[in-house]
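Subject: Structure handover and findings

Dear colleague,

Please find below the structure that I am handing over to you. My findings follow directly after it.

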Amino acid sequence: MISVIISKDNIANEIIEIVDKNDINHLKNAFRIKPGEVIRAVDGEYEYICEVLNIEKKIIEAKILEKNEDRFSSEVYIEAAIGILKNDKMDLTIQKLTEIGVSKITPLLTKRGVAKITEKKDKWDLIVKEATKQCQAVKLVEIGEPKKLSELNFEEYDLMFVPYECEDKNSLRNILNKVENKPKKVLYIIGPEGGFDKEEIEFLTEKGVMPVSLGKRILRAETASIIVGGILVNEF
């Protein structure tokens with residue numbers, strides 16, 4: 001079903017108004033939607049199944065047929081803090097983590113990071129919106145402002161870990177098997193293409209972040225980000 005993202009301000013008297021230019025263009029010209037057809041709208045909290053009523057140049061109106069609770073999001077808040085990746089790797093990572101269903105992505109400024117912040121947050125937010133429509137999610141993934149490791153608020157989380165290629169004792173599976181009570185907030189931290197240096201890992205360990213192994217092979221940062229996100233969403 002075709003999905004659009006709206007704000008609560010666009011809902012009144014069981015009618016939603018679609019005013020985003022891109023959404024209107026796609027509905028009219030790509031999907032060739034017509035009055036009487038059914039579409040899906042989300043506002044970050046609820047899912048609305050709607051019947052299209054009017055199609056105009058700058059607005060599309062639809063009547064709400066159903067209002068559903070969010071059944072697509074994880075009950076556990078999962079944040080991925082990721083060393084900023086270069087070229088389109090960060091875009092890919094954001095897209096796939098949105099599809100998987102993490103709650104927040106925080107770009108990290110690290111010692112070995114080789115990527116410069118050339119991407120604007122607006123572009124990352126747009127990637128989140130498009131991926132949200134595609135995967136039928138209700139809540140949008142939050143893209144945080146870039147931070148240094150020292151700026152993360154470690155006290156917020158019940159479970160924290162960082163995949164590290166030099167770790168040979170604790171695997172991610174072992175750590176998850178030892179979790180007795182379902183956490184409310186989870187943070188996992190992924191290094192940039194150059195990885196974390198020893199001092200950064202020591203700093204994270206002091207803050208209660210557990211180094212874990214993802215196996216015998218060395219994974220690219222974007223691969224590790226996506227794999228860990230998928231494991232956590234399915235685990236919790």
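The notes below go from the whole chain to its sheet and then to single residues.

This is a predicted model, in which local features need pLDDT of at least 70 and side-chain atom pairs count only at pLDDT 80 or more, while totals for chains, interfaces and linings use all residues. Residues are numbered from 1 along each chain as its sequence is written, and side-chain values use heavy atoms, with hydrogens and water left out.

Overall picture

The protein has six helices and 13 strands; these are DSSP runs numbered from the N terminus, helices being H or I of at least four residues and strands E of at least two. The C-alpha trace spans about 60 × 40 × 30 Å along its principal axes. Of the 236 residues, 44% count as buried (buried is under 20% relative accessible area, exposed over 50%, and partly exposed in between, with a 1.4 Å probe and protein chains only). The accessible surface comes to about 13100 Å², and carbon and sulfur atoms account for 46% of it (Shrake-Rupley method, 1.4 Å probe; for residues, only the protein chains shown count as cover). Among contacts between residues at least 6 apart in sequence, 75% join residues at least 24 apart; a contact means heavy atoms within 4.5 Å.

The six-stranded sheet

Six strands form an open sheet of mixed pairing, in the order β1-β4-β5-β6-β3-β2. β1 (3-5) and β2 (11-12) stand at the edges with a single partner strand each, so one side of each has no neighbour in the sheet. Two strands count as paired if DSSP finds at least two bridges between them.

β1 and β4 run parallel and are joined by three bridges, with V4 opposite A41 in β4. Strand β4 (residues 38-42) is mostly covered, as four of its five residues are buried. On to strand β5 (residues 46-55), β4 pairs in the antiparallel sense over five bridges, and R40 has I49 in β5 as its bridge partner. These two strands form a hairpin with three residues between them, and G44 in the turn has a positive phi of about 95°. Strand β3 (residues 15-18) and strand β6 (residues 60-69) run antiparallel and are joined by four bridges; I16 stands opposite A62 in β6.

Most residues other than glycine have a negative phi. N13, in the loop between β2 and β3, has a positive phi near 55° and is exposed, with a relative accessible area of 75%. R32 lies in the loop between α1 (21-30) and β4; its phi is near 50°, also positive, and R32 is exposed at 57% relative accessible area.

Is K104 buried or exposed? K104 counts as buried because its relative accessibility is 14%. K104 is in strand β8 (residues 104-109) and, leaving aside neighbours within four places in sequence, is in contact with Y77, I78, E79, A80, V141, E142 and G144.

E75, by contrast, is exposed at 69% relative accessibility and is placed in the loop between β6 and β7 (77-83). The side chains of E75 and K182 are joined by a polar contact of 3.4 Å (a pair of N or O atoms within 3.5 Å; within protein, one must be able to donate a hydrogen and the other to accept it, and residues adjacent in sequence count only if both atoms are side-chain atoms). E75 and V233 are 158 residues apart in sequence, yet their C-alpha atoms are 9.1 Å apart in space.

Yours sincerely
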